[in-house]
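Dear colleague,

Please find below the structure that I am handing over to you.

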Amino acid sequence: MQLSPKPQKKFTANAHGTEQISFSEQIAHPQLWSAETPNLYTLVMSLYNQQGELLEVIRDEIGFRHIEIINKQLTINGKPIVIRGVDRHETSPTRGHVVDKASMEQDIKLMKQFNINAVRSSHYPNHPYWYDLTDKYGLYVIDEANIESHPLAIDEKTQLGNEMSWLPAHLERTQRMFERDKNHPSIIIWSLGNEAGHGEVFANTYQWLKDNDDLRVVQYEPAELEHYTDIFAPMYPSIEKLVNYASNNPDRPAIMIEYAHAMGNSVGNLQDYWDAIEKYEVLQGGFIWDWVDQSLEYRNEFGETYFAYGKDFHPALPTDGNFLNNGLMNPNRNPHPHAFEVKKVYQPVKFTVHNLLKGQITVQNKFLFTDLKKYDLRWKIEADGETVKQGHSAMPSVQPSKTAILNFDIQGLPAYSDKEYFVTLSMHARAQEPLLPLGHEIAFEQFKLPVSQLQSTAKRTNKPLKPSYAHQTDTLIAKAAGTQLSFDKRTGWLQQLTFNNKAMLTQPLKPNFWRAPTDNDLGNNLQVRAAMWQSATDRLKLTALQAKSSGVTARYQSPDFVGSLVLNYQITAQGFVEVDYLLNLDDNQALPDIPRIGMQLSTFGEYKNMSWFGRGPHESYADRKTSARISVFNTPVSEQHHYYIRPQENSNRTEVRWMALQNAQGEGLLAVGDKVLNASAWPYLQADIDFNSGDASASASGLVPVTTKHAIDVPVRDLVTLNIDHKQMGVGGDTSWGRLVHKQYRIAAESQQYRFALAPLSGDKNAAVLAREIKASYGE
């Protein structure tokens, strides 16, 4: 867009001198800039000599927008914005801190596609081209002065905030940032620096910015609620702290400068943060730490690439190890699974139930300047993961911050079924937009439809059979209906499961109380405070292995807790194996929370094709699952597990009804829960990714242990490990240096019970059909 009119000014400048000139013009009704509508005007300044010859041309893109705090809310063009942001370092896996234009373009493309609308230039002014991109494509920006004196800043005796001899250095960096970047419309907030202390030095730099730019706001986290920050900008506040702030007559907006520390398998309870943010107007979002892992790409002696960290750079220098890998993306900008949770929680529309019996959903437009009519609506109804009805249409006109009712065709939906019915609605880009491809999904939501589950009235034909038993020196063998169970008499473990003369196990079916610690787990010392659960399986003592008419029962006690574990195995008329798990823990024991309640086996590597009915397609956990929709998914085991830079727990699926492992001929193993399960499969052993005492050294900061393992160190074995879990605790992410998983997502050390079945699959038997048959037999 072009500005008009075209003013001219004549001036004379002495040789080697300078002359400052200014223009002032009124632009009637400009199209305003925002992150949603990044309208820019092209400003061209041409320099001519007295003869009218063109000497120089300068071109710039400028935008018009109004920033103001109104009623304790930060507003853009009169509208209170919500910051759905990330912190971003300039980093490249091959060039370190030197980032090229292609990398910056990739970053902003991904940010827009993952519903991110704001970015903080942590902790220094970024490459100028980055701000050209945020102007052009629309991101709200905090430009941060290159000022940090951490760890001096954490000690009142050494912090520089009141050392006025340091004012010139602080002020010069603040001024340089301002003068270079002041004409970028995307920069809406100046930051005085990061973790650099508090006091008069910053009161002075704040005042200089306000004196020279009264059109933007200024923030500084260490100032807290002092006069030299316009925004309360806490780092890693708890939800309770945010709610307390919002509930006690605050005098300024709250925007978290850093939160949801995305180190390793992380970003749990993000939706819980946003439930609070959306409840209180003064809470206006925040910036997730951070955008991308900062490891460098190295090669080992075999020429294989891996992401280096910590002691890889220098074995003798102080380091915080893996603490540089806190990103939503890996160094090559491939999304970690938690990035999809961010996209879901940050989505700019909200779907809620209006009347499912009539096929009506309420949609709320969270945009401030965009009508939803420019997008398309898609919906589909699935029965046990199979699409039975679908449709699409243009989204109705929904003005910013307003709601409307969406309708989908529910006719023909049964009142009763042995299948589960879900409807999924999604909003898509109708036309290709800058950085968004045609058809890109912007938002979705899924709802369970009101179809009652059929209750079986027929007699159970798949009832347990009385096995025949054979006793060998160290083995108890139970046989029935073509199925054979082989138990180790010393441990009680089911060491082999044979269906129709085909052995299925390479490792016994065992209880599992442990998970390979995530980075957040190591940060809160799980490996020490809950260490008993890591070895709990091996320390169980078999007290009885009973061959009964109804099946086999193995009873255990432990030197680590007062109580018992009872495992019951039954073979049904169809040759399925039902496993009942009962953990009895006496009350009044000082036991740590349990990371996992489940059982684990390993099968042959040929069963490398995985399918499941549950949440997917990416991994999910108790506190991070809103982005994973319920359906049937199929993928090779080798592609569904996730390689974190430091090996750790990964690939869990929540609310799993059944999970199957099959070979190329469709033969394999099916696991079906009587209730929903957590389940996962890996092409390696849990020991390959576990953390053991002695695997780490102390870090420079003392925040986290320094580890040395890499994803490339995890062997791909000719087996598949299958986890069939009742529960696994959440991943957390408030911080990675102490904060625990939220209580509602932990597993208290108390009695637990669940049940599942193992069944053989053949090429002519559909896993979903067989799972329904098994499910119908439960409870009879």
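The notes below cover a helix pair, two cis peptide bonds and two residues with positive phi.

This is a predicted model, in which local features need pLDDT of at least 70 and side-chain atom pairs count only at pLDDT 80 or more, while totals for chains, interfaces and linings use all residues. Residues are numbered from 1 along each chain as its sequence is written, and side-chain values use heavy atoms, without hydrogens or water.

Helices (H or I, at least four residues) and strands (E, at least two) are DSSP runs numbered from the N terminus. The axes of helix 5 (residues 239-246) and helix 6 (residues 270-277), lines fitted to C-alpha atoms over the stretch in contact, come within 10 Å and cross at roughly 5 degrees, on a scale from 0 to 180 degrees between N-to-C directions. The two helices are therefore roughly parallel (under 35 degrees). Contact (heavy atoms within 4.5 Å) involves Ile239, Leu242 and Val243 of helix 5 with Asp272, Tyr273 and Ala276 of helix 6.

Most residues other than glycine have a negative phi, and most peptide bonds are trans. Tryptophan 289 and aspartate 290 are joined by a cis bond, with omega near -15 degrees. Another cis bond links glycine 616 to proline 617, with omega about 5 degrees.

Asparagine 71 has a positive phi, near 50 degrees, and is exposed (over 50% relative accessible area, 1.4 Å probe, protein chains only) at 69%. Valine 267 has phi near 60 degrees but is buried (under 20%), at 0%.

Yours sincerely

Note on methods: Angles under 35 degrees count as roughly parallel, over 145 as roughly antiparallel, 65 to 115 as roughly perpendicular and the rest as oblique.
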